[in-house]
Amino acid sequence: MSVRELVVLGTASQVPTRHRNHNGYLLRWDGEGILFDPGEGTQRQMLRAGAAAHDLNRICVTHFHGDHSLGLAGVIQRINLDKVPHEITAHYPRSGQRFFDRLRYATAYRETVALIEAPVDTDGPLHRTPGYTLEARRLSHPVEAFGYRLVEPDGRRMLPDRLAAHGIKGPDIGRIQREGTLDGVPLEEVSEVRRGQRFAFVMDTRLCDGVYALAEGCDMLVIESTFLDEDEELAVEFGHLTAGQAARVARDAGVRHLVLTHFSQRYTDPEEFERQARAAGYEGELTVAHDLLRVPLPKRR
């Protein structure tokens with residue numbers, strides 16, 4: 001059975017707190033695991049969440065600030081210690097290659113796994129599989145940063161009443177799906193487009209074109225909301241978003257499920273992020289993330 005869910009490993013910005021680990025997010029997409037922004041302590045948070053190194057197929061780093069990348073060293077060494085039997089691909093800003101190299105070889109260990117380096121330096125598709133296309137968009141932060149987006153190909157949803165009207169049943173349903181036509185009946189006559197799911201991951205950034213491009217039409221948007229709206233000037237200065245800004249992006253982009261995360265330690269009331277997001281006009285499903293939370297992707301439209 002396929003599983004699509006977000007496992008939240010950490011939600012703090014800049015420094016961990018007693019209740020929030022540094023960043024870390026594991027997206028389970030059918031049989032694959034994509035680890036986003038492994039901050040310090042990610043390896044232990046994976047253990048607590050019941051996630052293993054064997055679950056990983058891809059690592060995506062948005063930028064090389066420590067709270068988004070210091071956990072790389074431990075995760076990479078654990079991948080090798082556990083002798084993960086498949087290749088793992090790492091995406092990260094090409095401008096941060098020297099930081100990736102230092103983290104990959106931070107200490108001595110035996111390399112047993114093929115870790116494929118696939119640095120990012122431009123907007124657009126990074127990788128295609130039968131289940132999704134991984135895309136990147138440049139963000140606006142004091143260091144180079146990219147956000148990531150998964151887009152599932154559109155499929156077809158079979159319509160029982162139209163199948164019955166044409167006398168198509170049993171094995172013939174599979175035939176028309178495979179071949180596109182059956183006895184002169186086109187697939188389009190007995191089915192409709194089933195829109196593929198979309199997931200986006202947006203971390204440290206000011207408002208910019210990349211934010212909106214990543215969020216457009218998403219079933220789930222995981223987005224930083226480091227500051228509350230009253231501190232918008234600080235957000236702009238340091239290259240971050242407020243809860244209200246993130247919610248307006250989600251509202252305007254038609255996002256179905258908004259996940260707010262990456263909270264400054266200056267705030268003690270998580271519910272205020274939800275209040276400000278709702279005040280900004282976002283009416284979809286809303287989650288204020290906390291560590292070790294599991295968030296299923298919405299069912300297909």
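Ground rules, briefly. Residues count from 1 along each chain as its sequence is written, and side-chain values use heavy atoms, without hydrogens or water. As the model is predicted, local features need pLDDT of at least 70, side-chain atom pairs count only at pLDDT 80 or more, and totals for chains, interfaces and linings use all residues.

The sheet, then. It is open, has 7 strands and mixed pairing, and its order is β6-β5-β4-β3-β2-β1-β18. Strands are DSSP E runs of at least two residues, helices H or I runs of at least four, numbered from the N terminus. Pairing takes at least two DSSP bridges between two strands. β6 (115–117) and β18 (294–296) are the edges; each has a single partner strand, so one side of each lacks a neighbour in the sheet.

Look at β2 and β3. Residues 24–29 and 32–36 run antiparallel, joined by 5 bridges. Trp-29 has Glu-32 as its bridge partner in β3.

Now salt bridges: a Lys or Arg side-chain nitrogen within 4 Å of an Asp or Glu carboxyl oxygen. The structure holds 21. Take Arg-300 and Glu-152, at 2.7 Å, N to O. Arg-300 sits in the segment after β18, Glu-152 in the loop between β9 (146–151) and β10 (155–158), 148 residues apart.

Buried or exposed? Buried means under 20% relative accessible area, exposed over 50%, partly exposed in between, with a 1.4 Å probe and protein chains only. Glu-152 is buried at 7%. Arg-300 is partly exposed at 34%.
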